[in-house]
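Let's work through some exercises on reading a protein structure together. Try each task on your own before you look at the steps.

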Amino acid sequence: MIEKVGVVGGGLMGSGIAEVNARAGKDVIVVESSTDAVEAARQRLEGSLKRAESRGKIKSVDAVLARIRVVNDLTALADRDLVVEAIVEEERAKTELFRRLDEIVNSPDAILASNTSSIPIMKLAVVTQRPTHVLGVHFFNPVPVLKLVELVPSLMTDPATTERARAFVQDDLGKTAIDCQDRAGFVVNALLIPFILSAIRMLESGFATAEDIDHGLVLGAAHPQGPLALADLIGLDTVKAIADSLYDEFKEPLYTAPPLLNRMVDAGLLGRKTGRGFYTSN
Ligand code: NAD
């Protein structure tokens, strides 16, 4: 049974992962990198739980918060059954963290999971003495809302580890798991990103306006939002970073970032987070 969960990184994804675990009754410890970041993570968690309470999704913010400790000491994770890493998307930072987690987490049965979107799970597994117990558990943003989790075993993951992780995300967290190989983009981003890139190429070539491309997909294909509005929501820097990692892995032209995307990222036109991308917000 997985009852004691650790989350490393309390940013956008880590705080969401901590929230869904605490809402499922788990004992959760979140580790952040500084006292300021600990405070920011606490506030992020509290804000999200208050929104959940106001929508009637949870009964009491305090009851959920009581199951979450946010600290800046990695050794607090020694007794965890599962640790989910959700720190910055940098290979060196993640390999160093996995090396330390391997030393700190006591139980040989404990699972070390990564929420990485693009770093091969194998690179994290091989720095540990327990590659059989390392896998990718890839949540989607916003974690409390989106139901999907991609399970990504490396070539060295014990199938029993994947099955324990599947039972945990499905039975305990109420998510739906799909299986993916340890390849850039997994399933969702490998399909979604080239779709967004095609829409950007269509706009760039003057084939159609941003509004018409998005209306086309919303009204003609029942997408909840068009690809350019979605790119603004994800962040154009993130879209470019995922495209670059897909291109690095597969060397397929469909994964190349179009010049318009590159120039917008150079200019800091990153979408919603900077107020301007394909659309202007506010
Ligand atoms: P974020 O920048 O919001 O959060 C990262 C957090 O990690 C920060 O709060 C930072 O202080 C903390 N941190 C950095 N180094 C640390 C360390 N050594 N120890 C403890 N904490 C540390 O980033 P995010 O969007 O939450 O992404 C986190 C991970 O999730 C990345 O691997 C990313 O690829 C993946 N991911 C992101 C999304 C998304 O939509 N943003 C979706 C799926 C997966």
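Predicted model: local features only at pLDDT ≥ 70, side-chain atom pairs only at ≥ 80, totals over all residues.

Residues are numbered from 1 along each chain as its sequence is written.

**Exercise 1. Find which strands pair with strand β7 (residues 148-153), and in which sense.**

Step 1. Recall the terms. Helices (H or I, at least four residues) and strands (E, at least two) are DSSP runs, numbered from the N terminus. Two strands pair if DSSP finds at least two bridges between them.

Step 2. Look at strand β6 (residues 134-139): five bridges join β6 to β7, and the two run antiparallel. Val137 stands opposite Leu151 in β7.

Step 3. Turn to strand β8 (residues 176-179), which pairs with β7 in the parallel sense over four bridges. Here Val149 has Ala177 of β8 as its bridge partner.

Step 4. Follow the chain: from β7 it passes through helix α6 (residues 159-172) to β8, and this β-α-β crossover is right-handed. Right-handed means that, with the strands pointing away from the viewer, the path from the first strand over the helix to the second runs clockwise.

Step 5. Check how covered β7 is. A residue is buried if 20 or more other C-beta atoms lie within 10 Å of its own, exposed if 12 or fewer, and partly exposed in between, with C-beta atoms placed from the backbone. Five of the six residues of β7 are buried.

**Exercise 2. Describe strand β5 (residues 111-114) and the strands that it pairs with.**

Step 1. Start with the side chains: Ile111 and Ala113 point one way, Leu112 and Ser114 the other way, and all are buried.

Step 2. Find the parallel partner β4 (residues 82-85), which is joined to β5 over four bridges. Val83 has Leu112 as its bridge partner in β5.

Step 3. Leu112 stands opposite Val134 in β6.

**Exercise 3. Which side of α6 is buried, and what lies on the face turned away from it?**

Step 1. Check the length. The expected span of a helix is 1.5 Å times one less than its number of residues. With 14 residues, α6 reaches 19 Å from its first C-alpha to its last, close to the expected 20 Å.

Step 2. List the buried residues: Thr161, Ala165, Phe168 and Val169. Seen down the axis of α6, they fall within an arc of 85 degrees, so they line one face of the helix. The arc is that of the directions from the helix axis to the C-beta atoms.

Step 3. Look at the face turned away from the buried side, which carries the exposed residues Pro159, Ala160, Glu163 and Asp171.

**Exercise 4. Describe the shell around the ligand.**

Step 1. Of the 23 residues around the ligand, Gly9, Gly11, Leu12, Met13 and Asn141 come nearest. A residue is near a molecule if its C-beta atom, placed from the backbone, lies within 6 Å of it.

Step 2. The elements that give two or more residues to the shell are α1 (12-23), α4 (91-104) and β6. The largest share, three residues, comes from α1.

Step 3. Sort the shell by type: 11 residues are nonpolar, 10 polar and two charged. Here Ala, Val, Leu, Ile, Met, Phe, Trp, Tyr, Cys and Pro count as nonpolar, Asp, Glu, Lys and Arg as charged, and the others, Gly among them, as polar.
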